[in-house]
Amino acid sequence: MCGIVGYVGTAKSVEVLLGGLRRLEYRGYDSAGIAVLDGDGSIHTRKHAGKLAVLLNDLDQHPIANGSTGIGHTRWATHGGPTDVNAHPHLGDDGKLALIHNGIIENFSELKEELLAEGYTFESETDTEVAAKLLGREYGRAHDLELAFRTVVARLEGAFTLLAVHRDEPDVVVGARRNSPLVIGLGDGENFLGSDVAAFVEFTRRAVAIGQDQIVAIRADSVTVTDFAGAPVTTEEFDIAWDASASEKGGWSSFMAKEITEGPDAVANTLRGRIVDGEVVLPDLDRIGDEALRGITRIVIVACGTAAYSGILGKYAIEAWSRVPVEVELAHEFRYRDPVLDDSTLVISISQSGETMDTRMAVQYASEHGARVLSICNTQGATIPRESEAVIYTHAGPEVAVASTKAFLAQVAALYLFGLHLSRVRGSLDAAEIEANAAELQAVPEKLGKVLESSESIAQLAGWMADTRAVLFLGRNVGYPVALEGALKLKELAYIHAEGFAAGELKHGPIALIEPGQPVFVIVPSPIGQPELHKKVISNIKEIEARGARVLAVAEEGDAFVPPLADFVIPIPLAGPFFEPLLAVAPLQIFAMELASAKGLDVDQPRNLAKSVTVE
Ligand code: F6R
């Protein structure tokens with residue numbers, strides 16, 4: 001939620017800030033704004049409701065003075081609707097200070113009362129303006145932005161990343177962080193701040209993550225980080241693995257289209273160097289250690305949305321291979337039900353962004369209650385990996401489209417690597433079994449490439465179905481999370497009612513939804529790999545077909561049972577049961593994207609959503 005960028009250097013900050021906001025827009029796109037200090041000690045702000053394009057257009061037509069210090073913000077509204085007035089930055093009372101914010105200040109009403117009683121007035125409905133006025137008041141007392149920040153953060157409750165600039169200190173951007181993300185980019189004669197590294201990857205590959213409850217001040221030639229009390233803290237620099245061009249759309253019609261085609265690379269890059277001579281090599285797990293892995297009696301996977309569906313696939317494979325019981329729980333449900341945890345429980349969190357607040361809170365809860373915590377994450381410098389005992393990074397590259405696609409595939413690949421590693425450590429699979437599964441995993445990118453070749457016919461299907469009002473998705477066993485994912489994609493992109501069901505559940509209620517013409521996607525298991533389940537799913541297809549459903553099947557190439565029963569068949573190459581879902585999911589992602597496009601919708605930035613959900 002909300003993208004934040006800060007810059008101090010010698011370049012024209014408007015360009016740097018807008019470039020950063022463009023790459024952070026996936027975090028929120030209700031409104032956007034910037035504040036820039038010019039050389040004469042004036043502060044210039046511009047902000048607008050709507051997507052970043054509205055701000056860009058205005059700045060194009062009516063440029064503002066361009067200095068080399070500034071802050072920028074792209075918003076996902078929490079307090080107050082997406083209007084020009086509520087957009088950030090917000091100004092201090094004397095107009096000398098501008099502030100942007102990501103998060104929710106929970107005690108803002110009480111602070112507002114205090115300021116109102118002192119005669120302050122407010123233009124917006126936001127909690128952010130309260131912080132801006134408070135900072136303005138404290139600056140009036142301290143005449144030092146960092147000192148004023150310390151006083152302010154001591155008064156705030158909730159989650160916040162705050163960045164501010166002040167007219168009287170034109171060479172510095174000061175930021176504070178509690179429970180919301182903030183990363184420093186280290187340049188040469190210039191420094192950056194961003195909600196994540198995408199904000200500045202175009203300019204530098206050197207970054208530093210800021211810890212919880214810390215204040216940072218960046219100047220052109222220095223960076224200082226202290227705790228909220230002002231004591232210096234040690235920080236660790238890391239190199240950004242992402243390529244700047246990877247977060248550009250290139251010639252693609254959308255980031256989503258580009259990212260779906262990057263699926264094979266996302267899997268290949270996640271596997272790279274981690275399968276050697278048929279053996280899984282995961283030094284990432286050294287911090288937990290083999291002995292601890294042998295002592296584990298239970299695994300709990302916590303995640304949200306698409307990441308949780310990758311977790312269900314992980315559950316099936318890890319449990320089958322390692323014989324350790326695995327549960328999957330939505331992260332926001334997990335910590336509010338007093339789960340049983342001890343040091344023989346391994347909690348695995350999965351998060352593309354590494355910032356999802358629900359998942360982060362689950363990780364924190366698990367650590368506090370004595371569980372071992374491993375995270376699977378795609379974003380370096382993010383909070384969740386920093387707060388976990390060990391991390392397996394997926395190497396899917398930046399995912400800009402709000403709907404997750406390639407990251408899902410990389411998450412499943414990472415879970416499978418972990419499952420095979422665990423099985424070796426515990427001796428539940430022999431070397432030949434591990435090698436065979438590792439080979440299947442390595443074959444996924446090429447097979448997935450073949451699946452993507454059928455994009456055109458799926459686009460055609462989606463075009464025919466642009467007026468559809470509801471779609472059902474059925475799958476059994478490992479096909480079930482694929483059905484859930486297909487339905488989620490369609491809901492979030494095309495705003496069509498879509499439900500994913502376990503096919504076996506059909507007769508227990510959902511079959512009542514079937515009426516003539518109802519489109520139903522069915523994920524058909526392999527007749528070779530899962531003959532028993534295949535028979536059952538064929539029966540399910542017959543049941544819905546008899547009631548007039550339009551059957552859209554994702555089935556293995558050469559499965560002769562499906563074409564006579566289905567209205568449309570999407571073939572996928574032959575693969576082992578655990579690997580087929582990685583191939584079956586791409587057609588559903590493409591279908592949702594194409595149907596949304598056929599309806600004229602923005603597939604990269606669906607309504608009401610933000611990519612990184614940093615509030616609970
Ligand atoms: C759906 C989608 C979301 C995310 C979920 C978790 O397409 O993208 O459901 O998967 O919000 O996000 P991360 O993985 O960043 O924790």
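I take a pocket to be an open set of points, on a 1 Å grid over the protein atoms alone, where a 1.4 Å probe fits and protein lies on both sides within 12 Å along at least five of seven lines. A molecule sits in a pocket if more than half of its atoms lie within 2 Å of the grid points.

The model is predicted: local features need pLDDT of at least 70 and side-chain atom pairs pLDDT 80 or more, while totals for chains, interfaces and linings use all residues. Residues are numbered from 1 along each chain as its sequence is written, and side-chain values use heavy atoms, without hydrogens and water.

I looked up where the ligand sits, and found it in the largest pocket. Helix 9 (305-322) and helix 16 (479-494), both DSSP runs of H or I with at least four residues, are the elements that give two or more residues to the shell around the ligand.

I then looked up the domains, whose bounds come from an automatic or database assignment. The ligand lies between domain 2 (249-451) and domain 3 (455-598), because both give residues to its shell.

I listed N or O pairs within 3.5 Å. An oxygen atom of the ligand lies 2.6 Å from a backbone N or O atom of Gln352. For Ser404, a polar backbone atom is 3.0 Å from a ligand oxygen. Lys489 brings a polar side-chain atom to 2.7 Å from an oxygen atom of the ligand.

Arg178. I found Arg178 in strand 8 (residues 169-178). Its side chain reaches the backbone oxygen of Leu156 at 3.2 Å.

Note on methods: Polar contact = N/O pair within 3.5 Å; in protein donor to acceptor, adjacent residues only side chain to side chain. 1 Å grid on protein atoms, 1.4 Å probe; cavity = no way out; pocket = protein on both sides within 12 Å on 5 of 7 lines; lining within 4 Å.
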